[in-house]
Amino acid sequence: MGSLNLSAVKEKKRVAFFSVLAAIFITTFKLIIGLLTGSIGIISEALHSALDFVAATITFFAVRISNKPADKDHHFGHGKIENFSALIETLLLLATCIWIIYEATHRLVTGKVIIEVNVWSYIVVITSIIVDYTRSKALLKAAKKHNSQALEADALHFSTDIWSSTVVLIGLISANLGYYYADSIAALFVAVIVITVSYRLGKRSVDALMDKTPKDTMEKIDEVLKKIPEVISYHSVKIRTSGANIFVEINIHVDPKLSIEKAHLISHKVQSDLRKKIKGCITHVHEEPAIQKNK
């Protein structure tokens, strides 16, 4: 089990690290071309990618910290850092939107739009789409495999860049045809896309930080316990999410005539089945004798 955990940690760190490198490359490339061409669409994309770099860096360190085992000061481990990092990413994205909307609106109102569209404008956007697609796919695969919200949030950042870069590409084509205002409109579309993703990220991270019960988890617990005939009933279910882990505490009622040893074996059966059904589940089961009704 230890070697498997070590392998998972290494994979998460590796995919997060390469995402940082990808963000550095794309940010630098977009910023240089954006400044040279004067494209607000590309510059806004560069700032978006710059915050993606910050987010990717936060994710990298969050993944490192979240895998630390529980200690005397953190009884449930350090997984919450992943949820917290996702919340920070949301705030960074919203900050980007404020600047994009202001600058794009200013150019549309004043009419001060001077854009030099050349082959490099297209190269940087198309390159960005390819890199973002590759990184989002790798991050999402690792996120699903290891149940990591931090990696999933990073994947959403890169997937957002795919759509926003596509919008900017459309804006550049329009500008090349003489419709220069299309670049600012494209930037506004970028802001709308980013705000949408920010809301999704923010809601999920806040739900996790507030220990909101994950969707369908209760149904899965009920489904597992109904398949174990030795469990007469259960109560006092408590669920909390911490990074890749879902902590479940539950009290089960068993036949009062059973020995302590057999009752304990039933609780182990419950723990085992819950872990198979719920990915990243860490359980604590307390067995109690069922109250017999007087005949």
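Lys-203 and Asp-207 are 4 residues apart in helix α6, so about one helical turn separates them. Their side chains meet in a salt bridge, with N to O at 3.2 Å. Lys-203 is partly exposed, at a relative accessible area of 38%. Asp-207 is partly exposed too, at 22%. The model shown here is predicted.

Is Ser-205 buried or exposed? Its relative accessible area is 0%, so Ser-205 is buried. Leaving aside residues up to four places away in sequence, Ser-205 touches Asn-83, Ala-86, Leu-87 and Gln-149.

Now turn to the nonpolar interior. In soluble globular proteins, nonpolar side chains tend to be buried together. Here the largest nonpolar core has 22 residues. Those with the most contacts inside this core are Ile-42, Val-124, Val-125, Val-168, Leu-172 and Leu-201. Which elements give two or more residues to this core? They are α1, α3, α4 (119-146), α5 (149-176) and α6. Helix α6 supplies the largest share, 6 residues.

Leu-108, Ile-173, Leu-177, Tyr-179, Tyr-181, Ile-185 and Phe-189 make a nonpolar surface patch of about 700 Å². Helix α6 (residues 181-209) gives the most to this patch, with 3 residues. Leu-108 comes from helix α3 (residues 80-110). With a relative accessibility of 36%, Leu-108 counts as partly exposed.

Next come the charged pairs. The whole structure holds 9 salt bridges. In one of them, Lys-80 pairs with Asp-211, and the closest N and O atoms are 2.7 Å apart. This pair links distant parts of the chain. Lys-80 sits in helix α3, while Asp-211 sits in the loop between α6 and α7 (217-226), 131 residues apart. Asp-211 is partly exposed, at 30% relative accessibility. The side chain of Asp-211 also meets that of Arg-240 in a salt bridge, at 3.8 Å from N to O. Here, too, distant parts of the chain are linked: Arg-240 is in strand β1 (residues 233-242), 29 residues from Asp-211. Through shared partners, salt bridges join Lys-80, Asp-211 and Arg-240 into one network.

The aromatic rings come last. A pair of aromatic rings is described by the distance of the centres and the angle of the planes. The structure has 4 aromatic pairs. Phe-17 and Phe-60 form a tilted one, with 6.0 Å from centre to centre and 55 degrees between the planes. What does this pair tie together? Phe-17 lies in helix α1 (residues 2-37) and Phe-60 in helix α2 (residues 40-66), so the pair ties together parts that are 43 residues apart in sequence. Phe-17 is partly exposed, at 41% relative accessible area. Phe-60 counts as buried, at 16% relative accessibility. The ring of Phe-60 also pairs with that of Phe-61. Their centres are 5.4 Å apart and their planes stand at 70 degrees, so this pair is edge-to-face. Phe-61 is partly exposed, with a relative accessible area of 47%. Ring pairs link Phe-17, Phe-18, Phe-60 and Phe-61 into a cluster.

Definitions and conventions. Residues are numbered from 1 along each chain as its sequence is written. This is a predicted model: local features need pLDDT of at least 70, side-chain atom pairs count only at pLDDT 80 or more; totals for chains, interfaces and linings use all residues. Side-chain values use heavy atoms; hydrogens and water are left out. Patches are made of residues with over 30% relative accessible area and no salt bridge: like charges are joined within 9 Å, nonpolar side chains (Val, Leu, Ile, Met, Phe, Trp, Tyr) within 5 Å. Accessible areas come from the Shrake-Rupley method with a 1.4 Å probe; for residues, only the protein chains shown count as cover. A salt bridge is a side-chain nitrogen of Lys or Arg within 4 Å of a carboxyl oxygen of Asp or Glu. Buried means under 20% relative accessible area, exposed over 50%, partly exposed in between (1.4 Å probe, protein chains only). Rings of Phe, Tyr and Trp (its six-membered ring) pair if their centres lie within 6.5 Å; planes under 30 degrees apart count as stacked, over 60 as edge-to-face and the rest as tilted. A nonpolar core is a set of buried Ala, Val, Leu, Ile, Met, Phe, Trp, Tyr and Cys residues joined through side-chain atoms within 4.5 Å. Contact means heavy atoms within 4.5 Å.
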